[in-house]
Amino acid sequence: MKILKDYIKVNKTNDNLFYLQRWRIISGQPGPKIVIIALQHGAEVSSFFLLEKLLCYFRQFPLLKGSLVILPAVNVLGLLKKQRQEPFTGLDINRQYPGNQDNRATKIAYVVAKECQSAELVIDLHNFTSRRSVFTGVMVKSNRLVEDKAKQVLRLFDPELIWYINSSQSSDKEQAGALTVWLGQQNKLAIALELPPPIVLTEGFLNSLLERFLVVFEFYGLLTVDLLKCVTVKRSISVYTSRLIRMKVNGWFWPTKEPLDKLKSADKIGDQVSLVDFKKKSLRGLPGVLLTIAYPGFIMAGKKVATIGKKIGYLK
Ligand SMILES: [Zn+2]
């Protein structure tokens, strides 16, 4: 087994060279390739703590089959600037798939897409920014076979809930061009995990998440850790589609609900105070379950404040 660290050239021309860091853990035996993508959104650094544990694990224990490829910092300049978007273009890399040679963000998407094409499974790591969040698995519209596999894998990760994205529906339009959505459209298996933000990450959560990754690798035959047989069905996981609630004014938002709170029609989810006249107005949601909600702070009009889920089923 080898652990290789190298850099993928992003620019096709030789002016203004830039690279993406890549880790490859190669068993030397035939088998599936699993790709882990991290930091498409530069401010979402929770994945680092997990990837550090994963690399640490593979420095001690072998991969038996196939390979694991990790792109740990897709939006490296966003990371340095602590921002979601790619700083040169202001674009969200995770809306640019399959990418092209137009600009820096689309060029990055292009090389990430290429790395993912030959993967049996792609796991895209993100984190919520609000400390009021729950560990969420994301699956996307695909064919039945791929969706069933996604459910199997998500079951092993054991998130608190699953968010189902169908970008052809108007409520999910804004997810078009996301890596998992694009791969799903080609019937390739890709899931995303939304971790809690670093401020609320605990050693216990990270260790159990590492264990869940190992279980998934074992499920694919990449290693033997004897954890898979310990995974029992503890509970059913709810699957939701979601709709966004946006800020109505430029101003401060103060949430009055928590994630997983149930909402009836027009229930208040928080207060918004206009920056212009300091008038306070209630912000109301939709019937369903609150999946995410912003923490108290300034939010521009039109930006996302909350997502409200409609339950469409269970994973048992
Ligand atoms: Zn993200």
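At what angle do the axes of helix 4 and helix 6 cross? I started my notebook with that. The model is a predicted one.

**Entry: helix 4 and helix 6**

I looked up helix 4, residues 144–157, and helix 6, residues 203–219. Their axes cross at roughly 145°. They come within 8 Å. Next I listed the residues that meet. Helix 4 brings Val153, Leu156 and Phe157. Helix 6 brings Arg212, Val215, Val216 and Phe219. I then sorted this contact by class. I found six nonpolar residues, one charged residue and no polar ones.

**Entry: helix 3**

I turned to helix 3, which covers residues 104–117 and has 14 residues. From its first C-alpha to its last it reaches 20 Å. That is close to the 20 Å expected at 1.5 Å a residue.

Which residues of helix 3 are buried? I wrote down Ala105, Thr106, Lys107, Ile108 and Ala109, then Val111, Val112 and Cys116. The partners are strand 1 (2–9), strand 2 (19–26), strand 3 (33–38), strand 4 (67–71), strand 5 (121–127) and helix 5 (179–185).

I looked at one pair in detail. Strand 1 and strand 2 run antiparallel, joined by eight bridges. I picked Ile8 and found its bridge partner in strand 2, Leu20.

Helix 4 came up again here.

**Entry: two domains**

I noted how the chain is divided. Domain 1 is 2–234 and domain 2 is 244–315, according to the domain assignment. Their C-alpha centres lie 28 Å apart.

How many residues of domain 1 are in contact with domain 2? I found 13, and they touch eleven residues of domain 2. Helix 4 and strand 7 each supply at least two residues of the domain 1 side. The largest share of that side, four residues, comes from strand 7. By class, the domain 1 side has seven nonpolar, two polar and four charged residues.

I followed the bridges next. Strand 10, residues 251–255, pairs with strand 12, residues 268–274, in the antiparallel sense over five bridges. Strand 12 also pairs with strand 13, again antiparallel and over five bridges.

Gly270 in strand 12 is the bridge partner of Pro255. In strand 13, the bridge partner of Gly270 is Leu283.

I finished with the hairpin of strand 12 and strand 13. Five residues sit between its strands. Which residue in this hairpin takes a positive phi? I wrote down Phe278, with a phi near 60°.

Terms used
Residues are numbered from 1 along each chain as its sequence is written. This is a predicted model: local features need pLDDT of at least 70, side-chain atom pairs count only at pLDDT 80 or more; totals for chains, interfaces and linings use all residues. Axes are lines fitted to C-alpha atoms, for helices over the stretch in contact, and angles run from 0 to 180 degrees between N-to-C directions. Two residues are in contact if their C-beta atoms, placed from the backbone, lie within 7 Å. Ala, Val, Leu, Ile, Met, Phe, Trp, Tyr, Cys and Pro count as nonpolar, Asp, Glu, Lys and Arg as charged, and the others, Gly among them, as polar. The expected span of a helix is 1.5 Å times one less than its number of residues. A residue is buried if 20 or more other C-beta atoms lie within 10 Å of its own, exposed if 12 or fewer, and partly exposed in between; C-beta atoms are placed from the backbone. Two strands pair if DSSP finds at least two bridges between them.
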